[in-house]
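Keep the viewer open as you read.

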Amino acid sequence: MAGTGKFFVGGNWKCNGTKDSISKLVSDLNSAKLEADVDVIVAPPFLYIDQVKNSLTDRIEISGQNSWVGKGGAFTGEISVEQLKDIGATWVILGHSERRHVIGEDDQFIGKKAAYALNEGLGVIACIGEKLEEREAGKTFDICFQQLKAFADAVPSWDNIVIAYEPVWAIGTGKVASPEQAQEVHVAVRDWLKKNVSPEVASKTRIIYGGSVNGGNSAELAKKEDIDGFLVGGASLKGPEFATIINSVTAKKVAA
């Protein structure tokens, strides 16, 4: 069962950028020629969302990189869903491996965050993925399904969720999952959704790949029928290269 959703490419800028470098990146994105049938989002650092929102083409939507688990208030250093919406964001990335493994967020906490964001009207890019030792121990599917279940147990609906499969060993390491390795997990994730949620959700939920995606490998990855797009890290900080990745949707069409 291949996905039926529109190709989706997100750029996660992580903790990178200055006013000047982001101004240049926005300028490059504004002048890039992008294929029409792709949903495109970028996730700037919180401090720069307003700058980006006010200068970036409406063709590209804005995402937060994280959000608080409930309503704002006395939570020093946190950013609420309500604040993200107020400043013009329409998506949020939740469960990124850096939040899980560097900051220490657990599956249930991330599930609650997703439920709150969805209930408040933000789309959620829900990240899952295994570490190298988990893959080597043959636990890739177990880990991904466990992380998926935490989302499934919490969320009110799957209408505004994009799943991002990001093998932790491939993030920022230059090691990319082969198209076959990525496709294998994407198929398994879609099958899990079919069995545990519904065939309709399995078909329409976009499952995107992240982990050292760049302008040189995106077309080969895009050809795989269950790879519905990308979540891009470092390469999204380079406007022309990010445009190349977005436009890899053309390889998808050729393969189809």
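A polar contact here is a pair of N or O atoms within 3.5 Å; within protein, one must be able to donate a hydrogen and the other to accept it, and residues adjacent in sequence count only if both atoms are side-chain atoms. This is a predicted model, in which local features need pLDDT of at least 70 and side-chain atom pairs count only at pLDDT 80 or more, while totals for chains, interfaces and linings use all residues. Residues are numbered from 1 along each chain as its sequence is written, and side-chain values use heavy atoms, with hydrogens and water left out.

Let's begin at serine 236. Its side chain reaches the backbone oxygen of glycine 233 at 2.7 Å. Serine 236 sits in the loop between strand S8 (229–232) and helix H11 (239–246); helices (H or I, at least four residues) and strands (E, at least two) are DSSP runs, numbered from the N terminus. Is serine 236 buried or exposed? Buried, because its relative accessible area is 0%, where buried means under 20%, exposed over 50%, and partly exposed in between (1.4 Å probe, protein chains only). Contact means heavy atoms within 4.5 Å, and, leaving aside neighbours within four places in sequence, serine 236 is in contact with Gly11, Asn12, Trp13, Leu25 and Phe242.

Now for the nonpolar interior. In soluble globular proteins, nonpolar side chains tend to be buried together. A nonpolar core is a set of buried Ala, Val, Leu, Ile, Met, Phe, Trp, Tyr and Cys residues joined through side-chain atoms within 4.5 Å. The largest one has 63 residues, and Val9, Val42, Trp158, Ile163, Tyr209 and Phe230 touch the most other members. Take tyrosine 209: not counting residues up to four places away in sequence, its contacts include Tyr165, Pro167, Val176, Leu221, Ile227 and Phe230. There is also a second, separate core of eleven residues, with Phe8, Ala43, Ile125 and Ile208 among them.

On a 1 Å grid over the protein atoms alone, a cavity is a set of points where a 1.4 Å probe fits but cannot get out, and a pocket is an open set with protein on both sides within 12 Å along at least five of seven lines; lining residues have an atom within 4 Å of a point. Grid points are joined across faces, edges and corners, and a volume is the space filled by probe spheres set on the points.

The largest pocket has a volume of about 370 Å³. Of the 17 residues lining it, the closest to its centre are Lys14, Cys15, Gln65, Asn66 and Arg99. Helix H4 (residues 97–103) gives the largest share of that lining, four residues. Lysine 14 itself is in the loop between strand S1 (7–12) and helix H1 (19–31), and has a phi near 50°, a positive value in a residue other than glycine. Most residues other than glycine have a negative phi. Lysine 14 and glutamine 65 are 51 residues apart in sequence, yet 7.2 Å apart in space, C-alpha to C-alpha.

The second largest pocket holds about 230 Å³. It is lined by 21 residues, and those closest to its centre are Ile171, Gly172, Ser212, Gly233 and Gly234. Serine 212, in the loop between strand S7 (207–210) and helix H10 (218–222), also has a positive phi, near 60°.

Glutamine 147 belongs to helix H7 (residues 140–154) and counts as buried because its relative accessibility is 5%. Beyond four places in sequence, glutamine 147 is in contact with Arg100, Asp107, Ile128 and Gly129.
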